[in-house]
Amino acid sequence: SRVPIIVSELVLANESLRRGVVVILANEDKSVMEEDLRDQVPDFLTTRIVCRRGHTDLPADLHLVNVGGAKSIIVVHENDAKVVKTLLAVRSIDTAFENAHLVVQMNSESTQASIRALFGSRVVTVNSDHIAAELTAQACRQRGLSTVFRELLDFDSDEVYFSRFPEVTGRTFAEAQLAFEDSAIMGRLTQDGVVELNPASGTILLEQDELIGITSDDSTFLCGSFRTVPALPPVPSVSQAAGPTRILVVGWSVLGPRVLAELDEFLSPETVIEIIADPDQVEVEQIESSISVNNVQIEVAPFRGGPEEVTAYAARRHFDEVIVLGYRERLSSDDADARTLLTLMAFNQLVDNHELGDVRLVAELLESRHTPLAVATGADDFIVSVELTSLLIAQLSERQELDLVFRD
């Protein structure tokens, strides 16, 4: 399910190249792969797509697609064991991964840690659930953040670029920021491979530093004239508004404990997170033991009923935010998303009819094709883990240092 999204992004990334090639190796009929890609990627532009049938963990099959000549290699599979064997097969051809860096999608955090430790920096790992959990938690802090992340991760419009500018050597970071008319300078990559986002304004830039900027294209990433950095008046301290005091989590999945762990890092001890879960879809008695938090208070409420009954039950007490998670373990992605969309619609009607104030709605979707439907329900933010992971994988295949930027 990730491959068409990745290919569509690589096609955009290759638009300025005359002979970009994307080769796909999978144990699937060649004609089926080609038909799926034609259906889901409307235009290959300047990129040639080559599909080959074979086993990704067999060196002989990897030779068929010239793995040794690749600029980058992406490994996506639902089975971590298959990913590990594929890495070993690639390593048998290119021992030190000198010709290409690898981007691999992992499900298990322990396996991910082992790969990072054993295969070195040329292998970048991406964990879909971890990304979705972090972005869901971030979306709870600021309305619209999921749209910002999606904008930065795709190859359409603005994205993150790296470049070295000799003219900024010896200048401060603040001077460099003011010298770019069509780009936003957000940090630097040092000679030692360290990414520093938003360093102190007086940081002196060195000759080997690369600037990290957000711009529409590498052709617009241009340094202009320098100007005097104005002296800024002191800013009076402003008391921060209190964070949300009550958050509802409706539904549950393996994503739940990760989302709550992320939220726990920046919420106050006065915050109560109530989890409303259907006993027919999840083992409710095991939910609390799966959660590890230090600050927030957790309440678990088993409740059976349709979306309108769940929202009526939830409204018995005031709440500030709602996070809707799909029952992905026991329902198909279609059924889980349908339930999520109806729940969002019910909460949106509740907010409209009862004037509950500024209640934020954040949801996890399993299928990217359901995104337009989520917009229609009135959700503030929706996290599509497959889509965001695919976009991130495509970005990392172009420049592996982006891994350090996005982790920060």
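Trainee: Does Glu364 count as buried or exposed, and at what relative accessibility?

Mentor: This is a predicted model, in which local features need pLDDT of at least 70 and side-chain atom pairs count only at pLDDT 80 or more, whereas totals for chains, interfaces and linings use all residues. Residues are numbered from 1 along each chain as its sequence is written, and side-chain values use heavy atoms, with hydrogens and water left out. Buried means under 20% relative accessible area, exposed over 50%, and partly exposed in between, with a 1.4 Å probe and protein chains only. Glu364 has 1% relative accessibility and therefore counts as buried.

Trainee: Where does Glu364 lie, and with which side chain does its own side chain make a polar contact?

Mentor: Helices (H or I, at least four residues) and strands (E, at least two) are DSSP runs, numbered from the N terminus. Glu364 belongs to strand 14 (residues 360-365). A polar contact is a pair of N or O atoms within 3.5 Å; within protein, one must be able to donate a hydrogen and the other to accept it, and residues adjacent in sequence count only if both atoms are side-chain atoms. The side chain of Glu364 makes such a contact with the side chain of Arg328 at 2.4 Å, and it reaches the backbone nitrogen of Gly326 at 3.2 Å. Contact in general means heavy atoms within 4.5 Å. Leaving aside neighbours within four places in sequence, the residues in contact with Glu364 include Ser253, Asp337 and Ile383.

Trainee: How many aromatic pairs does the structure hold?

Mentor: Rings of Phe, Tyr and Trp (its six-membered ring) pair if their centres lie within 6.5 Å; planes under 30 degrees apart count as stacked, over 60 as edge-to-face and the rest as tilted. The structure holds 5 aromatic pairs. One of them, Phe180 with Phe221, is tilted, at 5.7 Å centre to centre and 45° between the planes. This pair links distant parts of the chain, 41 residues apart: Phe180 is in the loop between helix 8 (173-178) and strand 7 (184-189), and Phe221 in the loop between strand 9 (210-215) and strand 10 (246-250). Both Phe180 and Phe221 are buried. Phe303 and Tyr313 form a stacked pair, with 4.4 Å between centres and 20° between planes. Phe165, Phe180 and Phe221 form one aromatic cluster.

Trainee: Which ring does the charged end of Arg171 sit over?

Mentor: A charge sits over a ring if NZ of Lys or CZ of Arg is within 6 Å of the ring centre and within 35 degrees of the ring normal. The charged end of Arg171 sits over the ring of Phe226, 4.0 Å from its centre. Arg399 lies over the face of Phe162, at 4.4 Å from the ring centre.

Trainee: What is the volume of the largest cavity?

Mentor: On a 1 Å grid over the protein atoms alone, a cavity is a set of points where a 1.4 Å probe fits but cannot get out, and lining residues have an atom within 4 Å of a point. Grid points are joined across faces, edges and corners, and a volume is the space filled by probe spheres set on the points. The largest cavity has a volume of about 140 Å³. Its lining comprises 18 residues, of which Val250, Gly251, Tyr327, Arg339 and Thr343 lie nearest its centre. Helix 11 supplies the largest share of that lining, 4 residues.

Note on methods: On a 1 Å grid over the protein atoms alone, a cavity is a set of points where a 1.4 Å probe fits but cannot get out, and a pocket is an open set with protein on both sides within 12 Å along at least five of seven lines; lining residues have an atom within 4 Å of a point.
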